[in-house]
Amino acid sequence: MYLKVKDIKKSYGEGGSYNQVLKGVSLNVQEGQMCVIQGTSGSGKSTLLNAIGGLDTVDSGSIVVDGKEIVGLKNDSLSDYRKENLGFIFQFYNLVPNLTVRENIEVCKYLSDDPLDMDELLTTLGLVEHQNKFPSQLSGGQQQRTAIARALIKNPKLLLCDEPTGALDSKTSRDILILLEEINRKYNTTMLIVTHNNSIKNMVHKVIIIKDGLISKDYENEQITPANMLEDL
């Protein structure tokens, strides 16, 4: 099993402001699976993603990624873990405004000992003709493609996506999802996708529903709907 999460708990605050966000979450994801994590606002899904990504600590429990326990790692080791294993895609693109598309991607290329081929990635993501533009010259979809390329250039084994289509219109959302589907197929990248969108769960291998800090459903799709066939995006 590529990702094993066991009984993780996470709380914030103390006294009257104490709030337990994760109340004992366990899940498994196989290598190469696309997995959607769904839940209402405040359910704990982004906290879970941040814990797996080493961006947030947990109170207790275990998170094993590719055989390595990350709970309890010190900051330097967590930094190495993120550098060597992970790519992050967020709802907001966080591109450097005074760098071109190519330069934004190259920032992360240098973090990897085994990066993907830049020109192949630009072609796959449809960014060749935009590679010398600045973020302000791009559409929202083109900026998100650039953010995806920046995450992928490191050749990560695990791609963490927090509302990757949240700021996009329906057509652009579909294009991005088709792209993620193609990346999964081409590079066998394991993906965790946090989303509010109810349709996206139909295109992935595994679905996890979080409610009030606990997993209420955890199942694998018997039939997968291709991204280009999804409705109500």
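Residues count as exposed when their relative accessible area is over 50%. The views below all show a predicted model.

**View 1. Lys-211, an exposed residue of strand β9**. With a relative accessible area of 54%, Lys-211 is exposed, because the cut-off for that class is over 50%. The residue belongs to strand β9. Leaving aside residues up to four places away in sequence, Lys-211 is in contact with Ser-43 and Ser-216. A distance of 22 Å separates the C-alpha atom of Lys-211 from that of Leu-55, a residue 156 positions away along the chain.

**View 2. The open sheet of 6 strands**. The strands follow the order β6-β7-β8-β3-β9-β10, and their pairing is mixed. At the edges stand β6 (86-90) and β10 (214-220); each has a single partner strand, so one side of each lacks a neighbour in the sheet. On average, and with direction ignored, neighbouring strands are turned by 15° against each other.

**View 3. The pairing of β3 with β8 and the helices on the sheet**. Strands β3 and β8 run in the parallel sense and are joined over 5 bridges. Opposite Cys-35 stands Leu-192 of β8. Helix α2 (residues 75-85) packs on the sheet through contacts with β6 and β7, and its direction makes about 80° with that of β6. Helix α6 lies across β3, β6, β7 and β8, and runs at about 160° to β8.

**View 4. The largest nonpolar core, with 39 residues**. Leu-125, Ile-148, Leu-159, Leu-177, Leu-180 and Met-203 have the most contacts inside this core. Elements that contribute two or more residues include the helices α3 (101-109), α4 (118-124), α5 (140-152) and α6 (170-187).

**View 5. The surroundings of Leu-159**. Not counting residues up to four places away in sequence, Leu-159 touches Gly-87, Phe-88, Ile-89, Ala-151 and Leu-152, among others. Its contacts also include Leu-180, Thr-189, Thr-190, Met-191 and Leu-192.

**View 6. The buried face of helix α3**. Val-101, Asn-104, Ile-105 and Cys-108 are the buried residues of α3. Viewed down the axis of α3, these residues fall within an arc of 95°, so they line one face of the helix. An α-helix has 3.6 residues a turn, so residues three or four places apart point the same way. The cover over the buried residues of α3 includes α4 and α5.

Key. Residues are numbered from 1 along each chain as its sequence is written. This is a predicted model: local features need pLDDT of at least 70, side-chain atom pairs count only at pLDDT 80 or more; totals for chains, interfaces and linings use all residues. Side-chain values use heavy atoms; hydrogens and water are left out. A nonpolar core is a set of buried Ala, Val, Leu, Ile, Met, Phe, Trp, Tyr and Cys residues joined through side-chain atoms within 4.5 Å. Buried means under 20% relative accessible area, exposed over 50%, partly exposed in between (1.4 Å probe, protein chains only). Helices (H or I, at least four residues) and strands (E, at least two) are DSSP runs, numbered from the N terminus. Contact means heavy atoms within 4.5 Å. Two strands pair if DSSP finds at least two bridges between them. Axes are lines fitted to C-alpha atoms, for helices over the stretch in contact, and angles run from 0 to 180 degrees between N-to-C directions. The arc is that of the directions from the helix axis to the C-beta atoms.
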